[in-house]
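Have a look at the structure first, then read on.

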Amino acid sequence: MNDRPSWFNVTSLVLGFSFLYLPIVLLVVYSFNASRLVTVWGGFSTQWYVSLIHNQGILDAAWVTIRVALISATCATILGTLAAVALVRYGRFHGRTLFSGMVYAPLVMPEVITGLSLLLLFVAVGFDRGFWTVVLAHITLSMCFVAVVVQSRLVTFDRSLEEAALDLGCPPGKTFLKITLPLIAPAVVAGWMLAFTLSLDDLVIASFTTGPGATTLPMKIYSQVRLGVTPEINAVCTILIGIVATGVIIASIATKRREVERARAERLAAAAP
Amino acid sequence: MAADKAIGPIRRSFAPWNDPKARPFIEFRNVTKRFGDFTAVDHLSLGIYEREFFALLGPSGCGKTTLMRMIAGFEEPTEGHVLLDGQDLVGVPPYRRPTNMMFQSYALFPHMSVWDNIAFGLKQDKMPKPEIAARVEEMLALVKLGPFARRKPHQLSGGQKQRVALARSLAKKPKVLLLDEPLGALDKKLREETQFELTDLQMKLGMTFIIVTHDQEEAMTVADRIAVMDHGKIVQVATPAEIYELPNSRYVADFIGDINLIEGRLAPAAGNGARLECAGTGATVETSQPVEAAPGSEAWFAIRPEKVTIGLEPPADPTKNALKGTVWDIGYLGDVSIYHVRLATGATVKATIANRTRLVERPITWEDEVWLSWSRDGGVVLTR
């Protein structure tokens, strides 16, 4: 192996990363633009962040979005985890194939169709559209993602741990809470975070299922952009990127640190008699 | 030391299976277990007595683990009954059975410390806290893990994990302890040490231990009685010495230790014992152990390599309990040498010679013509 990367590798790396991050970098840079024109650099300023604080419309939309994301992510995590447990644990029950297919369908279903069918359902049963219909729609969308994440963890789970708990006198329900759940917790948390972000950035399904008074942030941004991009939007997006990036960085540092600690403990234990 | 001396007589006189009045503590009554088309356990009946150290021995897939899991309650029999102390266990969930199991993978709860792992079962019984603490300390002392109480399982070595698993399964003082290949993951030296620790522990605690293993040496070392299994059936149940010296079939003889099998036909016995005409050699074998089969039927003479004497001179009566052959190969193992002797029929017979002096020059060497002989008590005639 050559230590120095070849020009080909360097070029493909640069091209790949610019393709991924150039638009985002541009957006972040222009959010600090003093000029009102989006494409003309007028010097550094934080004025758009200040004006954002006074924009009640955007603040309201952000609050709706966060509440929708929190509630839907939590419900989707509970439902998705239960679905994953049923699929992995209870073997070949009647209709298992059908059930697993149905849990995963929303993964590949075009969002437009999911949104439209939910809209038709809400209209048919006479459910007033608004905050709760968006929440329900987001649970439908994200629970299958949670199920996939939790299922992959459960497949590698050592069943004899649960059997050991049963053997020691712990009934099945308590065994799930005391043994299974703590051990699949990382996957459940990852599922929750995935569900939260899915809900946070969903535009299509929210547009179909929302009603008066329940405008989410993506919907607000989209409607404003149609009237022309303002640097204020850039500022909102920069804040969102900041929040997501911080979450990802903290999560990866925590994982890395745990791995290092575990490897060290295992080395020490192996050296012991 | 006084306690160690007391164990000998108890061990020697412990044989409830020979006592017609003794009632088995665990009983399988005509138990069958099927998984789909596969029959794991096939119309099996077996009694295990209180305070017995019982081994289920067999190759993988013979049904020994299924049998143990039926005692623990993780499997229910398809047919038949499993009784513990006279009570039918069928339908009783695992968390209500007075048995505990030590798992092959140890199954230590990775998110709990050693202390909490051992206390887990006691907490399920709603035992008062001071009693739990006392019992956990007692168990930690028993397996010599006191200083490791606060560690998590991933901070322990393999041998330490094994002892935590043992302490956890003993903490509730179960009536029956089930051990599923408990020493499989340990290296050879540690395994041998632990085997003797297990027998000591079982004597000290006075519990019934049932061990599942595929390692015949392990079963021989620890168990009072061994059940050799094959294809969901028990082939023989007996003490280690009986299994080794008086196997009831070629399967058992071949599974336990090394054995020579010589094919032949039964001849009318002279007095007590059995007589076999060996095929192709013209030699006759006489044993002191009688067989229940008609003269003329097919049978095998089974003899362990260490019971065969090898010599250059023919024995006094070369027509009885003797065979002639050529040394084909010699395996030198340090403590013993194994001679592979090829007979005129092409079959090979193994004879083990203990090396009592330093072997610089062998009295018997490759391609020598030798005589193999043995006493009437050396081998057995098997009819299946």
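Contact here means heavy atoms within 4.5 Å. Helices (H or I, at least four residues) and strands (E, at least two) are DSSP runs, numbered from the N terminus. This is a predicted model, in which local features need pLDDT of at least 70 and side-chain atom pairs count only at pLDDT 80 or more, while totals for chains, interfaces and linings use all residues. Residues are numbered from 1 along each chain as its sequence is written, chains are lettered from A and ligands numbered from 1 in the order in which they are written, and side-chain values use heavy atoms, with hydrogens and water left out.

**The two chains**

Let us begin with chain A, which has 11 helices and zero strands. Its C-alpha atoms fill a box of roughly 70 × 65 × 35 Å along the principal axes. The radius of gyration of chain A is 24 Å, whereas a compact globule of 273 residues would have one near 19 Å; the value is taken over C-alpha atoms, and the globule rule is 2.2 Å times the number of residues to the power 0.38. Of the 273 residues in chain A, 36% are buried, where buried means under 20% relative accessible area, exposed over 50%, and partly exposed in between (1.4 Å probe, protein chains only). Among contacts in chain A between residues at least 6 apart in sequence, 70% join residues at least 24 apart.

Chain B has nine helices and 20 strands. Its C-alpha trace spans about 75 × 50 × 45 Å along the principal axes, and 48% of its 384 residues are buried. For chain B, 67% of the contacts between residues at least 6 apart in sequence join residues at least 24 apart.

**Where they meet**

At the interface, 24 residues of chain A are in contact with 26 residues of chain B. About 2200 Å² is buried between the two chains, and carbon and sulfur atoms give 62% of that area. Buried area is the accessible area (1.4 Å probe) that two parts lose on being put together, summed over both. Which residues of chain A lose the most area to chain B? They are Glu163(A), Asp167(A) and Leu168(A), together 31% of what that side buries.

Nine residue pairs are in polar contact between chain A and chain B, with both residues at pLDDT 80 or more. A polar contact is a pair of N or O atoms within 3.5 Å; within protein, one must be able to donate a hydrogen and the other to accept it, and residues adjacent in sequence count only if both atoms are side-chain atoms. On the side of chain A that touches chain B, helices H7 (159-167), H8 (172-201) and H11 (231-271) each supply at least two residues. H7(A) gives the largest share, seven residues.

H7(A) is mostly covered, with eight of its nine residues buried. Among them are Leu161(A), Glu163(A) and Asp167(A). The buried residues of H7(A) pack against helix H3 (56-89) and H8 of chain A, and also against helix H2 (64-72), strand S6 (99-102), helix H3 (114-124) and helix H5 (158-170) of chain B. After H7(A) comes Gly169(A), with a positive phi near 100°.

**Salt bridges**

Side chains of opposite charge can pair when their charged atoms come close. A salt bridge is a side-chain nitrogen of Lys or Arg within 4 Å of a carboxyl oxygen of Asp or Glu. The count over all chains is 21, and one salt bridge is found across the interface of chain A and chain B.

| Pair | N to O distance |
|---|---|
| Arg69(B) and Glu163(A) | 2.7 Å |
| Glu52(B) and Arg225(B) | 2.6 Å |
| Arg97(B) and Glu76(B) | 3.5 Å |
| Lys307(B) and Glu245(B) | 3.0 Å |

Glu163(A), Lys33(B), Arg69(B) and Glu75(B) are linked in a network of salt bridges.

What about the accessibility of the pair Glu52(B) and Arg225(B)? Glu52(B) is buried at 0% relative accessibility, and Arg225(B) is buried at 8%. In the other two pairs within chain B, Arg97(B) is buried at 6%, while Glu76(B) is partly exposed at 29%. Lys307(B) is partly exposed at 23%, and Glu245(B) is partly exposed at 38%.
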